[in-house]
Amino acid sequence: MIEKIRAALKTCGISLWRINETVEETAELFFVRRQLDTRRSKDVHKYEVTVFRDVEGVGRGFTSVLLTASMEDGQIEKELADAYYAAQFAANPPYALTDPVQAPRKEKIGALAQDPLARSAGRMVRALFAPDTSEDAFVNSAELFVSRKLVHILSSEGTDVSYTDAGVNGEFVVQCREPEDVEIHNTFEYDELETGALSAKVEEALTFVRDRARAQRILRSGKYDLVLSGNAVGTVLSYYMQRSSAMAVYAKYSTWQRGEDVQGADVRGERLDLSLHATVPYSVEGIPMEDLSLLREGKLEAYHGPNRFSRYLGVKPTGSYRKLSCGNGTVPFETLKKGPCLWAVTFSDFQMDAMSGHFGGEIRLAYLIAEDGSVTPVTGGSVNGSILEAQRDMTFSERRYVTSEYDGPYAVRLPGVSIAGTEAE
């Protein structure tokens, strides 16, 4: 198929191109309560072809098209010709394409990448249901996907690299019927067989849904010391990842400069140590990827991003990262959430706006912790915070948390965050 695509590119007069070949096998399991309801397996072989076109006096444009092995030669040529035609209408300032790289295949090691998919799926299923031992709160349903893939990247510039990868992701719903019938939806994604992390997540979710069923609508508006945990911590810290991207800097969405103290002066909490973790050996463009130090002691050390925007800034292209690591964490979690504070644990939707620095979401469950240590589960209201105001006083837990996109402290404490409360009905 690769040779058919090469021949079609030549026939269409396309001299600049990239081919991303992906062969992926997936095991999918669907559960109702603890009973397996559906089992599926998939094998997908696809080719994404990106064609580049230089437009005189304007610049360089590109368009991508997805091809499959079942296509006839004529159909392949038509798809590529249409993509090449469209590329002229998406021209950008000129830039050099990715430097060519040739290397032997890089194999991912570890049980998830090397064991049969069924075995890995079985281990994760057992981890998912291990904490599900009570009748008052239980796992209502679950979906689990284990995948392994081979990625091959070729380019007209001479790149020829490949690697293997593997991952596991899914979702589960926990339910508690008394005193109020409540469900909470949860997702998970790991790039290793994180059985312990998954069991801990399910156990925590079962505790949360029990407390949500008896939570009160008594949260009043005001300023609170806010404790965030789990995925919300990575979401807040993603602000620094987005603002330091080559695309944001080039487009003037961010004015950050390397060496700048982006956390601000007079930091009373912890100075940020952030890095970007390379989860694959090559980016989609074939750029060799490695871990990158992003912030040290709150100062920006690097820009990051794909080839085009890095070239525009005159910095080394790093590829696009998906995993943020945080090296902070000095306080035991029990000390971190010492009252008075509000520990918000589940939201309808928690988001970070990198343009404004605002973060927030509607609270489904939080714990109102008083100065004397008493804890009241509450629901309703919303968080409306600003990282620009909170970043000087952030304190992180020693306890760690890991997903496919975040590796760092489980919790962070942010003082003086605005909460819109709700009166008791």
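Predicted model: local features only at pLDDT ≥ 70, side-chain atom pairs only at ≥ 80, totals over all residues.

Next I asked where K108 sits, and found it in the loop between α2 (73-87) and α3 (111-114).

What does the side chain of K108 reach? I found the backbone oxygen of A166 at 3.2 Å. A polar atom of that side chain also lies 2.7 Å from the backbone oxygen of D191.

I then listed the contacts of K108, leaving aside neighbours within four places in sequence: A113, Q114, T164, D165, A166, D191 and E192.

On to the pockets. I noted a volume of about 1100 Å³ for the largest pocket. I counted 41 residues in its lining, with K201, G230, N231, A232 and Y401 nearest the centre. Among the elements that each supply at least two lining residues here are α5 (195-213) and α6 (231-243). I sorted this lining into 17 nonpolar, 15 polar and nine charged residues.

The second largest pocket came out at about 750 Å³. I found 43 residues lining it, and Y163, Y282, S283, V284 and S320 lie nearest its centre. Elements giving two or more residues to that lining include β1 (17-32), β5 (160-176) and α8 (307-313).

Which element gives the most to the lining of the second largest pocket? I got β5, with six residues.

Key
Residues numbered from 1 in each chain as written. Heavy atoms only, no water. 1 Å grid on protein atoms, 1.4 Å probe; cavity = no way out; pocket = protein on both sides within 12 Å on 5 of 7 lines; lining within 4 Å. Points joined across faces, edges and corners; volume = space filled by probe spheres on them. Helix = DSSP H or I, 4+ residues; strand = E, 2+ residues; numbered from the N terminus. Nonpolar A, V, L, I, M, F, W, Y, C, P; charged D, E, K, R; others polar. Polar contact = N/O pair within 3.5 Å; in protein donor to acceptor, adjacent residues only side chain to side chain. Contact = heavy atoms within 4.5 Å.
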